[in-house]
Amino acid sequence: MIGSRARSIFYTIAALISLAGLADATYLTVQFLTGETALCGGSPDCFKVLGSAYAHMGRIPVAGFGAIAYFSAFSFATFTAFGYARARRLFVWIVWAMFLVTLWFLFVQAFLLHAFCRYCLFSAAIVFLLTGLVVASPASE
Amino acid sequence: MRRFLPFVIVGAVAILTLGSAVALYRAKRPPVLTMSGDRAAAGKEGNESIHVRGRADAPVTLEEFGDFQCPPCGALAGPIKQLEKDYDPRLRVIFHHFPLITHQHAREAACAAEAAGLQNHFWEMHDLLYREQSVWSKAADVRTLFNSYAGMLGLNVDRFKKDIDSDKAKERVTADQKHGAALGVQNTPTIFLNNRALDPTDLNPGNLRAAVEAAVKAKPPS
């Protein structure tokens, strides 16, 4: 059994990690909306990835969906830390979904675009961390 | 109280995130650049080069500040050339150098284009440099590649070799850069359509075509 204090600390850490991802995804969303990803100012790899067709769906940047996902993960982790048992299941689901999406985007960068964007790699690292927490978290509540 | 605390925290983070995003958006949003008539390319003097494709009396002018090593500029070079063909004789295109300091070979490439221009082959070199961007951008010895491009275009290579290092070529590039800086250009590509800069979000083939189409329709043939 996991103690409520330990659970609280565990999910507070998960919430803080999600916040870092939220900041990253929000920054990328703003960059897209200001058109910065369409200009030379960053590295060529940045343009290759963030200026590619994989970086947006119509006029909506995928980073925007990422921001929503990170915010959801943050919210569920926070509620779990405060003892809302149902939130834990939602947190686990969204983290696994983010993990699968991250694998897809890593594939796209490595094999289709042959370029990596450092913000995307940072986001991938955050998702892997969250996934590690989910795997490591004691199942019993 | 503790029961409501997570709602407060989540709400506060939502407000903070949205507020930061709006503040960041406002800070990063580039200003709308416009060109007054006296600063337009047609009225330039001195060392500035004028590279124009299309009829001088075309009602629509697309003016680009570009960097040959900039990938987004390279990605737009083909679509702009296609626009020139599709909207001829109603569109003219003007190119200005704006080599960014972050690109190792950009200035040398601009000088290569000017050296080709001194033999009346600026646009051929312009197209070739953009087409081969991924090759020479990563090359250690770009000069050999540029010389071979000059040969491919049928230029006098010995003259090209001298001209690329000439003060005239360098001055033209510098003058273009100063011209851009005076207009507020900071990034590349910066594209003016009839003296008004396009929004960076419109710098993709689809939106650029739509903007040109709208400009052409707004100026019907007299």
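**View 1. Strands β2 and β3 of chain B lie side by side.** Strand β2 (residues 60-66) of chain B pairs with β3(B) in the parallel sense, over seven bridges. To count as a pair, two strands need at least two bridges found by DSSP. Strands here are DSSP runs of E with at least two residues, helices are runs of H or I with at least four, and numbering goes from the N terminus. B:Leu62 has B:Val93 as its bridge partner in β3(B), and B:Phe65 sits opposite B:His96 of that strand. To get from β2(B) to β3(B) the chain goes through α2(B), and this β-α-β crossover is right-handed. That label means that, with the strands pointing away from the viewer, the path from the first strand over the helix to the second runs clockwise.

A quick note on the model: it is predicted, so local features need pLDDT of at least 70 and side-chain atom pairs count only at pLDDT 80 or more, while totals for chains, interfaces and linings use all residues. Residues are numbered from 1 along each chain as its sequence is written, with chains lettered from A and ligands numbered from 1 in the order in which they are written.

**View 2. Here is the whole sheet of chain B.** Five strands make up an open sheet with mixed pairing, in the order β1-β3-β2-β4-β5. What stands at the edges? β1 and β5 (196-197) of chain B do, each with a single partner strand, so one side of each has no neighbour in the sheet. Strand β1 (residues 51-53) of chain B runs antiparallel to β3(B), and three bridges join them; B:Val52 stands opposite B:Ile94 in β3(B). Six of the seven residues of β3 (residues 91-97) of chain B are buried, so the rest of the structure largely encloses this strand. A buried residue has 20 or more other C-beta atoms within 10 Å of its own, an exposed one 12 or fewer, and a partly exposed one falls in between, with C-beta atoms placed from the backbone.

**View 3. Zooming in on the largest nonpolar core.** This core has 47 residues, and B:Ala112, B:Ala113 and B:Ala116 have the most contacts inside it. Such a core is a set of buried Ala, Val, Leu, Ile, Met, Phe, Trp, Tyr and Cys residues joined through C-beta atoms within 7 Å. Helix α3 (residues 106-117) of chain B gives the most to it, eight residues. Leaving aside neighbours within four places in sequence, B:Ala113 is in contact with B:Phe68, B:Phe122, B:Met125, B:His126 and B:Leu129. Contact means C-beta atoms, placed from the backbone, within 7 Å. A second, separate core has 40 residues, including A:Phe32 and A:Phe82.

**View 4. This is where chain B meets chain A.** Across this interface, 26 residues of chain B are in contact with 22 residues of chain A. On the chain B side, α1 (5-28) and α2 (71-87) each supply at least two residues, and α1(B) gives the largest share, 12 residues. By class, this side has 16 nonpolar, six polar and four charged residues. Ala, Val, Leu, Ile, Met, Phe, Trp, Tyr, Cys and Pro count as nonpolar, Asp, Glu, Lys and Arg as charged, and the others, Gly among them, as polar.

**View 5. Stepping back to the domains of chain B.** Chain B is divided into domain 1 (1-30) and domain 2 (37-218), with bounds from an automatic or database domain assignment. Taken over C-alpha atoms, the centres of these two domains are 43 Å apart.

Definitions and conventions:
Contact = placed C-beta atoms within 7 Å.
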